[in-house]
Amino acid sequence: MPWDTLLLAASILLLSSFVQSVIGFAFNLLAVPLLIWSGLSLAQAVALTSVPILVQVSVATWKLRREVVWRDVLPASAIRYLTLPIGISLLYLINRLDPVTVKQIVGAMLLLILASQRWIRITPRERLPLAWDLIAFGLSGIMLGMIAMGGPPVVLWLMAHDWSALRTRAFMAALFLMAAPVQLALLYWKLGPEVAEYFLYGLLMTPLVIAGSLAGIHLGNRLDRERLRRLILFFLFLTGVVSLMSPIFK
């Protein structure tokens, strides 16, 4: 990777981790589209972000280990294991398209995710039908493999459960920890040399991601979180629109 691209990618990961800590989501929603605009392929962007996420969820799962309810995590992980290869195969196909088309696909997915989070409202209940589990975690596995954005379907599923904040965080951390090694193995199996180098870059940039997270936690308490959240969502919306209209900027 050229030095200028390397520095830009490191800056994107630092910014994305800061945003994640301040508003509680959006690491890959922000990082993947921006990394593609910086010149990386979709596969390289996914590989670069996946290693720091593996480290983060490993630490989070360990810290929250007493809150993890494995009878919830294991069935959800099993469903994601079944659909994750589908997502990786779709990534492989998308990755072979021209960069402009890839930007459009990622932009469209980003806008759909933002729309779902904005307009879908679910009433919490004690238990959901099995069909909802299959849809949410099946779709999550596909999206995780395809564009490294497997969180939104899980978030909608969690919104339908009246769980404590600690149990919710523990579930998310453990769920993504269970998927991350499989995702990395499938990425390497399917794309090999194109992503191997970016696994290493991701590992080397992990301290920056941790620094961004710590800065977000520290500064987030001093900022107007709701105003910042609206600003970031607007920026994500603009990123999706610009990506979707990328032929104009060709």
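Visitor: Are tryptophan 163 and phenylalanine 171 buried or exposed, and how does one read such a word?

Guide: Both tryptophan 163 and phenylalanine 171 are buried, where buried means under 20% relative accessible area, exposed means over 50%, and partly exposed lies in between, with a 1.4 Å probe and protein chains only. Please keep in mind that this is a predicted model, in which local features need pLDDT of at least 70 and side-chain atom pairs count only at pLDDT 80 or more, while totals for chains, interfaces and linings use all residues. Residues are numbered from 1 along each chain as its sequence is written, and side-chain values use heavy atoms, with hydrogens and water left out.

Visitor: Which ring lies under the charged end of lysine 103?

Guide: A charge sits over a ring if NZ of Lys or CZ of Arg is within 6 Å of the ring centre and within 35 degrees of the ring normal. The charged end of lysine 103 sits over the ring of tryptophan 37, at 3.8 Å from its centre, and lysine 190 lies over the face of tyrosine 92, 5.1 Å from the ring centre.

Visitor: Why is helix 2 described as largely enclosed by the rest of the structure?

Guide: Ten of the eleven residues of helix 2 (residues 27-37) are buried, so the rest of the structure largely encloses this helix. Among the buried residues are Phe27, Asn28, Pro33 and Leu34. Leucine 34, placed in helix 2, has a relative accessible area of 17%. Leaving aside residues up to four places away in sequence, leucine 34 touches Ile12 and Phe235, where contact means heavy atoms within 4.5 Å. From C-alpha to C-alpha, leucine 34 and lysine 103 are 9.7 Å apart in space, although 69 residues separate them in sequence.

Visitor: At what angle do helix 2 and helix 3 pack?

Guide: Axes are lines fitted to C-alpha atoms, for helices over the stretch in contact, and angles run from 0 to 180 degrees between N-to-C directions. Helix 2 and helix 3 (residues 42-63) pack at about 145 degrees, with axes 9 Å apart. Phe27, Asn28, Ala31, Val32, Leu35 and Ile36 in helix 2 meet Leu42, Ala45, Leu48, Thr49 and Ile53 in helix 3. By class, this contact has nine nonpolar, two polar and no charged residues; Ala, Val, Leu, Ile, Met, Phe, Trp, Tyr, Cys and Pro count as nonpolar, Asp, Glu, Lys and Arg as charged, and the others, Gly among them, as polar.

Visitor: Which residues meet where helix 5 and helix 6 pack?

Guide: The axes of helix 5 (residues 99-119) and helix 6 (residues 130-147) come within 12 Å and cross at roughly 145 degrees. Val106, Met109 and Ile113 in helix 5 meet Met143, Met146 and Ile147 in helix 6, and the contact has six nonpolar, no polar and no charged residues.

Visitor: What is the value of phi at alanine 148?

Guide: Most residues other than glycine have a negative phi. Alanine 148, however, has a positive phi near 60 degrees. Alanine 148 lies in the loop between helix 6 and helix 7, and at 5% relative accessibility this residue counts as buried. Glycine 39, which follows helix 2, has a positive phi near 120 degrees.

Note on methods: Helix = DSSP H or I, 4+ residues; strand = E, 2+ residues; numbered from the N terminus.
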